[in-house]
Amino acid sequence: MVKVAVLVSGGGTNLQAIIDAKQAGRIPSAELALVLASNDKAYALTRAAHAGIPSEVLRKAKGEEPSAYGERLLAVLRAHHIDLVVLAGFLTILPENVIRAYDHRILNVHPSLIPSFCGDGFYGLRVHEAALAKGVKVTGATIHYVNEITDGGEIIAQKAVDVLPDDTPETLQRRVMEQAEWVLLPQAVEMVAQRLN
């Protein structure tokens, strides 16, 4: 059984999608072994508690070298015997030593069809604001492996979502989550876990 850590910073809606899929039997190859938050106020920690998943908080200290933070993060992952890392709204950039240690074993969900609206500075509502400003008719979500380039890793899965004429960044964000992110992410976790088993 592949042990999965889900890394979060906020509300944890993508975490909840994974929890729901696991409870429904759609992720048989993986165990949700850890939820790690970048701050102790993240509602995702409450979701983890309700699901009986161990959780920890690991904040990057001000001025801390990325490699030092990476070593602390790796120590937590190793302590929980983690095989697969899932970034689900984790707003701390992973240092190179973590990416190397978990090569092709870190997944990220991004709320656009990469290569559109991705890279440094594109996260949260900013992605949907940019899509609407550009006037695209279709957007979506992408699950990809994490490498040293922001949103630059190999694509695992994508799902398109229509942009409606009266969309706001908030309504578009919600539709992308419901129709793409929450569908694709559990599927990708199972697919990669099967490969690692």
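Reply: Bearing in mind that this is a predicted model, I would begin with α1, which lies across β1, β2, β4 (84-87) and β5 (106-110) and runs at about 160 degrees to β2.

Me: Which strands does α3 lie across, and at what angle does α3 run to β2?
Reply: Helix α3, residues 66-79, lies across β1, β2, β3 and β4, and its direction makes about 150 degrees with that of β2.

Me: OK, and what is the strand order in the sheet?
Reply: The sheet is open and has seven strands in the order β3-β2-β1-β4-β5-β6-β7, with mixed pairing. The edges are taken by β3 (55-57) and β7 (155-162), each of which has a single partner strand, so one side of each is left without a neighbour in the sheet. From one strand to the next the twist averages 20 degrees.

Me: In what sense do β1 and β2 pair, and over how many bridges?
Reply: Strand β1 (residues 2-8) pairs with β2 in the parallel sense, over seven bridges; as one point of reference, Val4 has Leu32 in β2 as its bridge partner.

Me: And β6 with β7, parallel or antiparallel?
Reply: Strand β6, residues 138-145, and β7 pair in the antiparallel sense, again with seven bridges, and there Thr142 stands opposite Gln158 in β7.

Me: Back to β2, how many of the residues of β2 are buried?
Reply: Seven of the eight residues of β2 (residues 30-37) are buried, so this strand is largely enclosed by the rest of the structure.

Me: Let's do helix packing. How do α1 and α6 cross?
Reply: The axes of α1 (residues 13-23) and α6 come within 9 Å and cross at roughly 55 degrees, which makes α1 oblique to α6. The crossing of α1 past α6 is right-handed. On the α1 side the contact is made by Thr13, Asn14, Ala17, Ile18 and Ala21, and on the α6 side by Met177, Glu181, Trp182, Leu185, Pro186 and Val189. Sorted by class, the residues of this contact of α1 with α6 comprise eight nonpolar, two polar and one charged.

Me: What about α5 on α6, at what angle do they pack?
Reply: Helix α5 (residues 125-134) packs on α6 (residues 169-196) at an angle of about 110 degrees, with their axes 9 Å apart, and the two are therefore roughly perpendicular to each other.
Reply: From α5 they are Leu125, His128, Glu129, Ala131 and Leu132, and from α6 they are Pro169, Glu170, Leu172, Gln173 and Val176. By class, the residues of the contact of α5 with α6 divide into six nonpolar, two polar and two charged.

Me: Changing topic, is Gly70 buried or exposed?
Reply: Gly70, which lies in α3, has 0% relative accessibility and therefore counts as buried. Setting aside residues up to four places away in sequence, Gly70 touches Pro95, Asn97 and Val98.

Me: How far is Gly70 from Ala101?
Reply: Their C-alpha atoms are separated by 9.9 Å, and the two residues are 31 apart along the chain. Ala101 belongs to helix α4 (residues 96-101) and, at 29% relative accessibility, counts as partly exposed. Not counting residues up to four places away in sequence, Ala101 touches Leu74 and Arg78.

Me: And what does Thr92 contact?
Reply: Apart from its neighbours within four places in sequence, Thr92 is in contact with Ser38, Lys60 and Tyr69. Thr92 sits in the loop between β4 and α4 and is buried, at a relative accessible area of 16%.

Me: Last topic, backbone geometry. Where is the cis peptide bond?
Reply: The cis peptide bond joins Ile114 and Pro115, with omega about 20 degrees, and Pro115 is in the loop between β5 and α5.

Me: What is the phi of His81, and of His104?
Reply: For His81, phi is near 55 degrees, a positive value in a residue other than glycine; His81 lies in the loop between α3 and β4 and is exposed, with a relative accessible area of 56%. His104 has a positive phi of about 60 degrees although it is not a glycine; His104 is in the loop between α4 and β5 and is partly exposed, with a relative accessible area of 32%.

Note on methods. Residues are numbered from 1 along each chain as its sequence is written. This is a predicted model: local features need pLDDT of at least 70, side-chain atom pairs count only at pLDDT 80 or more; totals for chains, interfaces and linings use all residues. Side-chain values use heavy atoms; hydrogens and water are left out. Axes are lines fitted to C-alpha atoms, for helices over the stretch in contact, and angles run from 0 to 180 degrees between N-to-C directions. Helices (H or I, at least four residues) and strands (E, at least two) are DSSP runs, numbered from the N terminus. Angles under 35 degrees count as roughly parallel, over 145 as roughly antiparallel, 65 to 115 as roughly perpendicular and the rest as oblique. Contact means heavy atoms within 4.5 Å. Ala, Val, Leu, Ile, Met, Phe, Trp, Tyr, Cys and Pro count as nonpolar, Asp, Glu, Lys and Arg as charged, and the others, Gly among them, as polar. Buried means under 20% relative accessible area, exposed over 50%, partly exposed in between (1.4 Å probe, protein chains only). Two strands pair if DSSP finds at least two bridges between them. A crossing is left-handed if the near helix is turned anticlockwise from the far one by less than a right angle, and right-handed if clockwise.
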